[in-house]
Amino acid sequence: MSSKGTNTTSIYKSRAIGKTKILLLFHPSLSALFSLSCSQQLTQELFQMDPPCSPPFFVGSVNGLICLFNRRRDTYIWNPTIKKSKKLLKSSWGTSRYNKYGFGYDESRNDYKALFIDHCGNSCNGKLSNLRVVVNIYSLRTDSWTTLHGKLQGIFLLNYSGKFINGKIYWAASTGIHDYNVRNIISFDVADETWGSLELPICGEEVFNIKLGIVESELSVLYTCKPGTTSDVWILKDRRVNVSCMNQFTTEYPQYAVLYGFDSPIFTFSIYLCLSDKGDILLLIPGKIMIFDGSTKKFKHTAIVKECNTAEIHGEIIVNPLTISCKSSA
């Protein structure tokens, strides 16, 4: 499907970091491009593109393909490099306001899958009862949906968009819909379509301050310590039965550059190492791009990115989502 019929234009911005690009996806209401004044390691490169839906909400990005949806729950898999997209068949996902989602790749079948989890229940005086979980899985190869019931009972996923790492999609999880303390990490194996659980490393007493994310290609957590001027980064190794972890490093930043607005575990992060010859560290969080010195791990620079849906490292490839499905596309 193309982006025909889209009357508004969303701004997709790319900033080159060596051979890697950061893509920033904005709501269409943004009228001006902000100017990023940064260190010499960043080369500014701007372009404007039309995502296939508006306003676009980010589900996930794998191998250069991006999964997006809009307020009508129209869902697309899009390759911005070749400007090709496929509209997914309609499904019943999105019936509640407690939706979580993810996007991953099944290497064994060369299949891309989009996952949407609804936490549904009866609402009375702002409280939910008879909570049930409905899981909807879309397969690009078969161009079809599968709906599962009875999964993840007693588990509430916290971060909206799951992180795809090494064949699995991960979410931080609690035990109740109004509990925002991270209790463990829930995984979904994209190939086997099975669920797993990982215990958290012991980082501190306030588990609310733990964020799930990626450091390079490793599952990680970021623990923001009190009084809020340092963050510990832990690398996690998923061993199926349990998790091994190590404290990779601690970043340090001045009080004015604290991770404001990043307190809730519903947000995730991405960290990229060796940004320059000095080994600088790039931290992507909602609304901010932060750079730390590679040797001291101290804060060097930040850019505030208002109205940004997501900031992700994006690798350009020429995979056309229209050609993967075994069924003919509309």
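**A buried aromatic cluster, an open sheet and the cavities**

F116 is buried, with a relative accessible area of 0%. The model in which this residue is seen is a predicted one. W145 also counts as buried, because its relative accessibility is 19% and the term covers values under 20%.

F116 and W145 form an aromatic pair. Their ring centres are 5.8 Å apart, with 45° between the planes, and the pair is described as tilted. F116 belongs to strand β9 (residues 111-124) and W145 to strand β11 (residues 144-149), so this contact ties together parts that are 29 residues apart in sequence.

In total, the structure holds 11 aromatic pairs. Another of them joins F69 and Y101: the ring centres lie 5.2 Å apart and the planes meet at 70°, so the pair is edge-to-face. The reasoning rests on the angle, because planes over 60 degrees apart count as edge-to-face. F69 is part of strand β5, while Y101 is part of strand β8 (residues 99-106), so the pair links parts that are 32 residues apart in sequence. Both F69 and Y101 are buried. The two pairs belong to one aromatic cluster, formed by F57, F69, Y101, F116, Y138 and W145.

Strands of a sheet pair through backbone hydrogen bonds, either parallel or antiparallel. Here, an open sheet of 4 strands runs in the order β4-β5-β6-β7, and its pairing is antiparallel. The edge strands are β4 (57-62) and β7 (84-87), each of which pairs on one side only. From one strand to the next, the twist averages 20°. Within this sheet, strand β5 (residues 65-69) and strand β6 (residues 75-79) pair in the antiparallel sense over 4 bridges. In this region, L68 stands opposite Y76 in β6.

The model contains 3 cavities of 30 Å³ or more, and the largest cavity has a volume of about 60 Å³. Its lining is made up of R73, D74, T75, K87, L88, L89, K90, S91, W93 and W145. By class, these comprise 4 nonpolar, 2 polar and 4 charged residues.

Note on methods: Residues numbered from 1 in each chain as written. Predicted model: local features only at pLDDT ≥ 70, side-chain atom pairs only at ≥ 80, totals over all residues. Heavy atoms only, no water. 1 Å grid on protein atoms, 1.4 Å probe; cavity = no way out; pocket = protein on both sides within 12 Å on 5 of 7 lines; lining within 4 Å. Points joined across faces, edges and corners; volume = space filled by probe spheres on them. Nonpolar A, V, L, I, M, F, W, Y, C, P; charged D, E, K, R; others polar. Pairing = 2+ DSSP bridges. Helix = DSSP H or I, 4+ residues; strand = E, 2+ residues; numbered from the N terminus. Axes fitted to C-alpha atoms, helices over the stretch in contact; angles between N-to-C directions. Phe/Tyr/Trp six-rings, centres within 6.5 Å; stacked < 30°, edge-to-face > 60°. Buried < 20%, exposed > 50% of the residue type's maximum accessible area, 1.4 Å probe, protein only.
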